[in-house]
Amino acid sequence: MVVGVLALQGSFNEHIAVLRRLGVKGVEIKKPEQLDNVSSLIIPGGESTTMAKLAEFHKLFPALREFVKIGKPVWGTCAGLIFLADKAVGQKQGGQELVGGLDCTVHRNFFGSQIQSFEADVSVPELASKEGGPETFRGVFIRAPAILEVGPEVEVLADYLVPSNKVLYSSSTVEIQEENSTPEKKVIVAVKQGSLLGTAFHPELTADTRWHSYFLKMASEVGDGASSSSIVAVGEEDPGQSPFTIQQKGSVPHFTMAYFSNMASPGILSDIHTGSDSFEWYVID
Ligand SMILES: NC(=O)CC[C@H](N)C(=O)O
């Protein structure tokens, strides 16, 4: 089985590494025609506006939509989940293109800004029943989205009870509800709809490979119809000069370092300075 991993930006290398650990070849997808060679696709986390601009730049949207439409399995993690959603709120001004297909509404930065990133154990009974292991999965939420609404075809695999002291962004225009002003609220953080899978967190940044093997099973159920004759070598392509300019700067906790240092490679996040506890990041728009 050959699994494509959208490799415009974000944590695609980490997904490919997990697939390798499971004995499966993951190939980077950077051009529309490369989708013909894979039977399933992972859209990684990263920054969805940047990823959308790059996808537009590389004319990937029609091919991605067709891939979803014909029922090939696609798993979106974090920014990838936003990509797959039919509707996103909390977008940057002017919005962004989505691939769509997943009948849900996501809030792009539901849990707040980068520094509000966190880890939490999330109960996923479906994962435990199909893949074994503990009832919970360690969710790494990095400026994570949440799913606010789902359509009737969507199966909710996991939700998360947002502690009342978490700062939430209730709208795209930064209306912040301060500590204790919100009651506990349950949001959806993992869903499945037919051959589409979405997680608001980053399983590729943990040692637990169950989400990947769960997706591989979904992919093998649909069948490995694609030819493997023109596999693109990992790391073959250079996405080229970014047409964007730096807009934002900040720092994030240590645990996200590996993730963001990887992001530097496609040239979208740049000038990352690693330190002992934190490092600087730049969002380029
Ligand atoms: N870790 C992530 O993928 C963050 C996604 C981010 N909230 C976005 O809008 O793209």
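1. In this predicted model, strands β13 and β14 make up a hairpin in which two residues separate the strands, and G194, located in the turn, adopts a positive phi of about 60 degrees. The pairing of β13 (residues 185-193) with β14 is antiparallel and rests on four bridges, with K192 placed opposite L197 of β14.

2. On its other pairing, β14 is joined by four bridges to strand β4 (residues 74-77), and here the two strands run parallel. Within this pair, V74 is the residue that stands opposite L196 in β14.

3. In a regular strand, side chains alternate between the two faces of the sheet. For β14 (residues 196-199), L196 and G198 point one way while L197 and T199 point the other way, and every one of these residues is buried.

4. Turning to the ligand, 13 residues surround it, the closest being S48, C78, R108, N109 and R143. By class, this shell consists of five nonpolar, five polar and three charged residues.

5. A backbone N or O atom of S48 is placed 2.4 Å from a ligand oxygen atom, a polar backbone atom of G46 lies 2.8 Å from an oxygen atom of the ligand, and a polar backbone atom of R143 lies 2.6 Å from a nitrogen atom of the ligand. The ligand exposes 300 Å² when taken alone, and the protein buries 99% of that area.

Key: Residues are numbered from 1 along each chain as its sequence is written. This is a predicted model: local features need pLDDT of at least 70, side-chain atom pairs count only at pLDDT 80 or more; totals for chains, interfaces and linings use all residues. Side-chain values use heavy atoms; hydrogens and water are left out. Buried means under 20% relative accessible area, exposed over 50%, partly exposed in between (1.4 Å probe, protein chains only). Two strands pair if DSSP finds at least two bridges between them. A residue is near a molecule or strand if one of its heavy atoms lies within 4 Å of it. A polar contact is a pair of N or O atoms within 3.5 Å; within protein, one must be able to donate a hydrogen and the other to accept it, and residues adjacent in sequence count only if both atoms are side-chain atoms. Accessible areas come from the Shrake-Rupley method with a 1.4 Å probe; for residues, only the protein chains shown count as cover. Ala, Val, Leu, Ile, Met, Phe, Trp, Tyr, Cys and Pro count as nonpolar, Asp, Glu, Lys and Arg as charged, and the others, Gly among them, as polar.
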